[in-house]
Amino acid sequence: MEMNSPIGTTPLDRARDGIVGKPLDRVDGRLKVTGGAKYAYEVAQAPEALYGYVVQATIGKGRITAIDKTAAEAAPGVVLVLTHENAPEQARNRRAHPVLNSPDIAYYGQPVALVVARSFEEARAGAYLVRVSYEEASGSYTLKGGLGQARVPSAGYSSPESAVGDFAGVFPKAPVKLDVTYTTPLETHAMMEPHATLAVWDGDSLTLHTSNQMLDQGRAAVARTLRMPVGKVRLISRFIGGGFGAKLSVQADAILAAIAARHLHHPVKVALTREQIFNVTTHRSDTIQRLRLGTDETGRILAIGHDAYSGNLRTESQFEAAADQTRTLYAGANRLTRNRLVPLDAPIASAMRAPGEAVGLLALECAMDELAYRLDIDPIELRIRNEPAEDPEKHIPFSSRHLVECYRAGAERFGWNKRQPRPGQVRQDQWLIGIGMAAATRGNVLVPSSASVRMGPDGIAIVKMAMTDIGTGSYTILTQIASELLGVPPDRVRMELGDTAYPEAAGSGGSFGAASSGSALYVACERLRAVFADRAGLDTDKAEFRDGMIVLGGKAVVLASLVGASGIEVRGEIRPGDMSRKYSQQSYGAQFAEVAVDGDTGEVRLRRMLGVFTAGRILNEKTARSQAIGGMVFGVGAALEEAVVLDPRFGAYYVNHNLADYLVPVHADLPHVDAVFLPELDDRTNPLKAKGVGELGICGAGAAVANAIYNACGARIRDFPITLDKVMSALPAQA
Ligand code: MOS
């Protein structure tokens, strides 16, 4: 099925008390809490796997002049030391990088050797004995230092720039002008499960038990890298302990495990330590963002401009698309957005947790707050005045947009009417109290996906697809969809995910996973319903599916009796179509935060937070809410804590490369965070009428916190994260 026209009434609309949307507990919950869910590194293998440990470059740029591996090779348990001198040649491609293919060092921490031993400990001990000599070259390591080299990147998942009307002519003449620059730091995904792979060869076929969000893309990338037919590569990721973008691409653990296992004719496991992840894998670039907003006296935007700079390893083209949401969020006739990329000699930047919007909205939504104070207009009112009637750049309708409803519902629930319009008005002991808000928006996409459904004579429905569950709840929501459409209880559905041996599926990324894989399953289930109706001699459109039966009028037929001795299997497929070109598609929300700022030390305490969202049909109230809250927690981290500290001498993301020093919010930082979804169905997005949820929660969340800090104490910090030293030095004297 191709999504070329709006979806009419579907069985999901008719099933008012159906299971889709209900807060069903995770179907894999028991496996996870009992340790029964095996993650990549835990998969047992016979013969028992050998262990690889990565040796990293200790210079930022230059070349290897010599590697002495004598001591390592003689160390207990060591069976192989792989370097660029004995590693096979690999092919470069977009989703994986050759490893150990050159003496050149492109960035600090680049893998320069893999030591394989009988145990992890022996491999690590051997790794310390590898002696690498370098010839150092000078590199460019900081975004700020490299701004002079900024270039227009090639289009990636978004286009680098957009222009509508005459920004340059109108902005300077606008009656009210705001021209501010915000900066956001380097960030790491900080998912729980580190990158890990077990590689097993069977003849010329390779199986990788790995931790990867996008298995089909990953399989293609591994095949290209190792110059193998794609059909000879299988990726398995049944359970994934978080990804957040870190596992969109295939990382060095997988490639190294594969080449070492081939070399040794023996299974090999490679895991990256938390410290290694910071430099060996990807991260989110820091950004420098200039926002220009020109309005009339009533706050109506006349000109809006967003320039966003990010950095990446000089051979990479991916940029942090921080200017993108500024193309659709607010009205205004004259517009200019530009994403620029600075080539660096630093580790590879890539997608992380709402790439683009997460940091773009920190800048845009704080700038809107600044504008509201400048104009003395309520921040919600300012946003409502600039609510566009259609996509302001593409001049096409929105598929659905209930952002104003989110503002209003959120304001009501949060008690926005208690907000003091000027900072520094509410004091409790040494604490200054403030509230702030921000808009949330995240692009919605549908990606090709397919699924198979089979019912056997036992009446159990078996669903297969190469979809992943990165902790988001894919197993559960897909079970709900199959259960509802086939009219069988959830415990009669077996969901088999995480294996490229199954039909190709969307994978988990860009908030498209649930809707894309769920739509493929929807199509497959519709096919199966039609087969059942046909065999039962009933009208598909009128029949009901419940309690394992197809029912119409006085007739009820048990489904299992219709499948024959060998069962029935059907496939379904969804592809994006005209709807994504004819309609501007986003999920929306309004974020609210209350903070207390210590008037003496600048310490910020979050007191409570609320997000009110619309994302089309919600497939599971509980998992959606959990994701929204998780995203909001990211937002709090981005606002107050998260930052990779760079050693500018050699571009090492090294100074705080652990989860003790790279701070993310903990429970004590989050007293009360709540998320609510308003009812919405979007019949232009996909057959489920759903939109993306995964990354929506982070969008705008950090800006709401930052805006609350300003409302509390009058400190406007434009450099994230907002740590107490910055607040203290910005506290107005009267605070
Ligand atoms: Mo996401 S940053 O597409 O996992």
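A: Here is a quick tour of helix pairs, strands and a few backbone details.

Q: What kind of model is it, and what should I know first?
A: This is a predicted model, where local features need pLDDT of at least 70, side-chain atom pairs count only at pLDDT 80 or more, and totals for chains, interfaces and linings use all residues. Residues are numbered from 1 along each chain as its sequence is written, and side-chain values use heavy atoms, with hydrogens and water left out.

Q: How are helices and strands picked?
A: They are DSSP runs, numbered from the N terminus: helices are H or I with at least four residues, strands are E with at least two.

Q: OK, helix 12 and helix 13. At what angle do they cross?
A: Roughly 25 degrees, and the axes come within 9 Å. Axes are lines fitted to C-alpha atoms, for helices over the stretch in contact, and angles run from 0 to 180 degrees between N-to-C directions. Helix 12 covers residues 474–486 and helix 13 covers residues 513–536.

Q: Parallel or perpendicular?
A: Roughly parallel to each other. Angles under 35 degrees count as roughly parallel, over 145 as roughly antiparallel, 65 to 115 as roughly perpendicular and the rest as oblique.

Q: Which residues of helix 12 and helix 13 meet?
A: Helix 12 brings Ile 477, Leu 478, Ile 481, Ala 482, Leu 485 and Leu 486. Among their partners in helix 13 are Leu 521, Tyr 522 and Cys 525. Contact means heavy atoms within 4.5 Å.

Q: How many bridges join strand 27 to strand 28?
A: Five, and the two strands run parallel. Met 609 stands opposite Val 673 in strand 28.

Q: Switching to strand 16. How many of its residues are buried?
A: 10 of its 11 residues, so call strand 16 mostly covered. Buried means under 20% relative accessible area, exposed over 50%, partly exposed in between (1.4 Å probe, protein chains only).

Q: Which strands does strand 16 pair with?
A: Strand 8 is joined to strand 16 by four bridges and runs antiparallel. Strand 15 pairs with strand 16 in the parallel sense over 11 bridges. Ala 163 stands opposite Leu 336, and Tyr 309 stands opposite Arg 340.

Q: Where are the cis peptide bonds you can show me?
A: One runs from Ala 46 to Pro 47, with omega near -5 degrees. Another joins Phe 720 and Pro 721, with omega about -5 degrees. Pro 721 is in the loop between helix 16 and helix 17.

Q: Why point those out?
A: Because most peptide bonds are trans, and most residues other than glycine have a negative phi.

Q: Is Asp 376 buried or exposed? What about Ser 511?
A: Asp 376 is exposed, at 56% relative accessible area. Ser 511 is buried, at 13%.

Key:
Pairing = 2+ DSSP bridges.
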